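Let's take a friendly walk through a protein model, stopping at a handful of places worth a look. Keep the picture beside you as you read.

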Amino acid sequence: IILHPTSLPSKYGIGDMGKEAFEFVDYLKAAGQSIWQILPLNPVGYGYSPYQSPSAFAGNPMLISIDALIDDGLLDEGDIKVPLKLGKAIRVDFEAVDKLKTAALAKAFETFKARLKSDAALAKDFKAFCAAQSYWLEDYALFAAIKKKHGGAYWIEWDSKIKQRDKKTLATLGKELADEILFTEFEQFIFAAQWDKLHKYALERGIQIMGDMPIFVSADSAD
């Protein structure tokens, strides 16, 4: 059964890895199905297409469940103001959803940073995740931060020293954009945790996940 998670029902204007995804797994099991084909889960690029992704490795932050963030204490219900038209939409307004989710994640990020200083176990898990995924995460987080600094401009239009990966220039940008880089690492850490939980739930119920390999790498990407 093909169903991209964005098509699941949600009060936030887009399907995500919240309770509706777990209920869909239950539905598949009850219906005697064994494979959920999900299509790409990568961050979206031009036209909000997952087939034009800025990373072949990263997860799409718009799929992060806000309700799960609330359950984990990273957000309060009062932090989220969902526009009425978004909650009742039958099609995804990606621009509006992106704005909503980014704002929610930004608030959760501030709580997360505070916890890193007081929760040794969380800090250890986060450090371990970043280390294990460093082969792609370091470049992607830096790429995302620099792209934001340039107003989303295609990397070919960036300064030549950045394009040619001048070490001194990248090191300077890494310090200047440290908080933006940490934010992307946080997003990917949360995405991975939520996805692993959903994936495990599916496997425990005999439902295998089938996705797409990003065989075509976007020109405007960290890759």
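The report below goes from a single lysine to helices, loops, a surface patch and charged pairs.

## About the model

This is a predicted model, in which local features need pLDDT of at least 70, side-chain atom pairs count only at pLDDT 80 or more, and totals for chains, interfaces and linings use all residues. Residues are numbered from 1 along each chain as its sequence is written, and side-chain values use heavy atoms, with hydrogens and water left out.

Helices (H or I, at least four residues) and strands (E, at least two) are DSSP runs, numbered from the N terminus. A residue is called buried under 20% relative accessible area, exposed over 50%, and partly exposed in between (1.4 Å probe, protein chains only).

## A buried lysine

Lysine 101 sits in helix H4, which covers residues 94-118. Is lysine 101 buried or exposed? Lysine 101 counts as buried because its relative accessibility is 2%.

What does the side chain of lysine 101 reach? It comes to 2.7 Å from the backbone oxygen of isoleucine 64. The lysine 101 side chain also makes a polar contact with the side chain of aspartate 16, at 3.3 Å. A polar contact here is a pair of N or O atoms within 3.5 Å; within protein, one must be able to donate a hydrogen and the other to accept it, and residues adjacent in sequence count only if both atoms are side-chain atoms. Setting aside neighbours within four places in sequence, lysine 101 is in contact (heavy atoms within 4.5 Å) with Tyr12, Ile14, Asp16, Met62, Leu63, Ile64 and Ile66.

Helix H6 spans residues 134-149. Its 16 residues should span 22 Å at 1.5 Å a residue, and its end C-alpha atoms are 22 Å apart, which agrees. The expected span is 1.5 Å times one less than the number of residues. The buried residues of H6 are Trp136, Leu137, Tyr140, Ala141, Leu142, Phe143, Ala145, Ile146 and Lys147. They pack against helix H5 (120-132), helix H7 (160-163), helix H8 (167-176) and H9. Just after H6 comes glycine 151, with a positive phi of about 65°.

Helix H9 (residues 178-204) has 27 residues. From first C-alpha to last, H9 reaches 39 Å, close to the 39 Å expected. Glycine 206 follows H9, and its phi is positive, near 75°.

## The loop between E1 and H2

Now find the loop between strand E1 (35-37) and helix H2 (66-71), where leucine 39 is located. Leucine 39 has a positive phi of about 70° although it is not a glycine. With 22% relative accessibility, leucine 39 counts as partly exposed.

Tyrosine 48 is in the loop between E1 and H2 too. Its phi is positive, about 55°, although tyrosine 48 is not a glycine. Tyrosine 48 is partly exposed, at 30% relative accessible area. Glycine 47 also lies in this loop, and is exposed at 73%. The C-alpha atoms of glycine 47 and leucine 74 are separated by 30 Å, with the two residues 27 apart along the chain.

## A nonpolar surface patch

Which residues form a nonpolar patch on the surface? They are Met213, Ile215 and Phe216, with about 460 Å² of accessible area together. Patches are made of residues with over 30% relative accessible area and no salt bridge; like charges are joined within 9 Å, and nonpolar side chains (Val, Leu, Ile, Met, Phe, Trp, Tyr) within 5 Å. Accessible areas come from the Shrake-Rupley method with a 1.4 Å probe, and for residues only the protein chains shown count as cover. Isoleucine 215 is in the segment after strand E2 (208-210) and counts as exposed at 65% relative accessibility.

## Charged pairs

A salt bridge is a side-chain nitrogen of Lys or Arg within 4 Å of a carboxyl oxygen of Asp or Glu. By this rule there are 12 salt bridges.

Arginine 205 and aspartate 26 form one through their side chains (3.7 Å, N to O). This pair links distant parts of the chain, 179 residues apart: arginine 205 in the loop between H9 and E2, and aspartate 26 in helix H1. Lysine 148 and glutamate 180 meet in another salt bridge, at 3.0 Å, N to O. Lysine 148 lies in H6 and glutamate 180 in H9, so the pair ties together parts 32 residues apart in sequence.
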